[in-house]
Amino acid sequence: MNLVRKSIEKTTKKVVIVGGGGAGLCAAIAAADAGAAEVTLLEKASMLGGDTLISGQIISAAGTRLQKEAGIEDSTARYLAELLAGGRYRSDVVLAATLVQHGAEAWDWLASIGCQFPSPEGLHVQHDHTVARSVKFLPPGFVGPLKNAAEARGVKILLKTPATRLLTE
């Protein structure tokens, strides 16, 4: 989350996040942790979750604590190759590499804010992966814990509030 901290230090201390899915909630938490004086999250729907709920709240990463506990050998290079192949090499390579390189760190961060991971037996092979590196979060998933963490940091969450345009000064 150092990237978020550096971005906030260079810009205003008021941050608006558009979208209340997993990524938006994580961004709101990171902005609050980085020192933003005010963080507001806008969600057009009547509930949080967005595409995160549609995806089944499944997350994948290589080199995680769970993989190590299960004795599964994996690497970020292997995951990146499989991720790019699964996307028929149309993905942004730099973005995909960033996702893969920070995946295990993201799992640890999610666990630190209250997301419940299954035991190592909960790891499974997802899509075109060749090793078990994916998990489905235990109830209540990870939207609930992310919402709780955001609210605990003073993030103002506005539901039924679509962002229709961007105004700048």
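Begin by selecting threonine 40, which lies in strand E2; helices (H or I, at least four residues) and strands (E, at least two) are DSSP runs, numbered from the N terminus. The model on screen is predicted, so local features need pLDDT of at least 70 and side-chain atom pairs count only at pLDDT 80 or more, while totals for chains, interfaces and linings use all residues. Residues are numbered from 1 along each chain as its sequence is written, and side-chain values use heavy atoms, with hydrogens and water left out.

Threonine 40 has a relative accessible area of 10% and is therefore buried, where buried means under 20% relative accessible area, exposed over 50% and partly exposed in between, with a 1.4 Å probe and protein chains only. Show its surroundings next: leaving aside neighbours within four places in sequence, threonine 40 is in contact with Val15, Val16, Ile17, Lys156 and Leu158, contact meaning heavy atoms within 4.5 Å.

Now select helix H2, residues 22-33, whose 12 residues reach 16 Å from the first C-alpha to the last, close to the 16 Å expected at 1.5 Å a residue (the expected span is 1.5 Å times one less than the number of residues). Because nine of the 12 residues of H2 are buried, this helix is largely enclosed by the rest of the structure; among the buried residues are Gly22, Gly24, Leu25, Cys26 and Ile29. Just after H2, look for glycine 35, which takes a positive phi of about 105 degrees.

From here, turn to the largest nonpolar core, which has 32 residues, of which Val39, Leu41, Trp107, Leu110, Phe117, Leu146 and Val155 touch the most other members. The elements that give two or more residues to this core are E1, H2, strand E2 (38-42), H7 and helix H8 (143-152), and H2 gives the most, with six residues. A nonpolar core is a set of buried Ala, Val, Leu, Ile, Met, Phe, Trp, Tyr and Cys residues joined through side-chain atoms within 4.5 Å. Select leucine 146 to see its neighbours: not counting residues up to four places away in sequence, leucine 146 touches Gly22, Leu25, Cys26, Ile29, Trp109, Leu110 and Ile113. Apart from this core lies another, of seven residues, among them Ala62, Leu80, Leu84 and Ala96.

What lines the largest cavity? Select Thr64, Arg65, Leu66, Trp107, Asp108, Ala111 and Phe117, which together form its lining. Helix H4 (65-70) and helix H7 (103-112) are the elements that give two or more residues to this lining, and the largest share, three residues, comes from H7. About 50 Å³ of space lies in the largest cavity. On a 1 Å grid over the protein atoms alone, a cavity is a set of points where a 1.4 Å probe fits but cannot get out, whereas a pocket is an open set with protein on both sides within 12 Å along at least five of seven lines, and lining residues have an atom within 4 Å of a point.

For the second largest pocket, with a volume of about 310 Å³, select Val16, Val18, Leu42, Leu166 and Leu167, which lie nearest its centre among 11 lining residues. Strand E1 (residues 14-18) gives the largest share of that lining, four residues.

Finish at arginine 165, found in the segment after strand E5 (156-158), which counts as exposed because its relative accessibility is 67%. Arginine 165 and leucine 80 are 85 residues apart in sequence and 35 Å apart in space, C-alpha to C-alpha.

How values were computed. Grid points are joined across faces, edges and corners, and a volume is the space filled by probe spheres set on the points.
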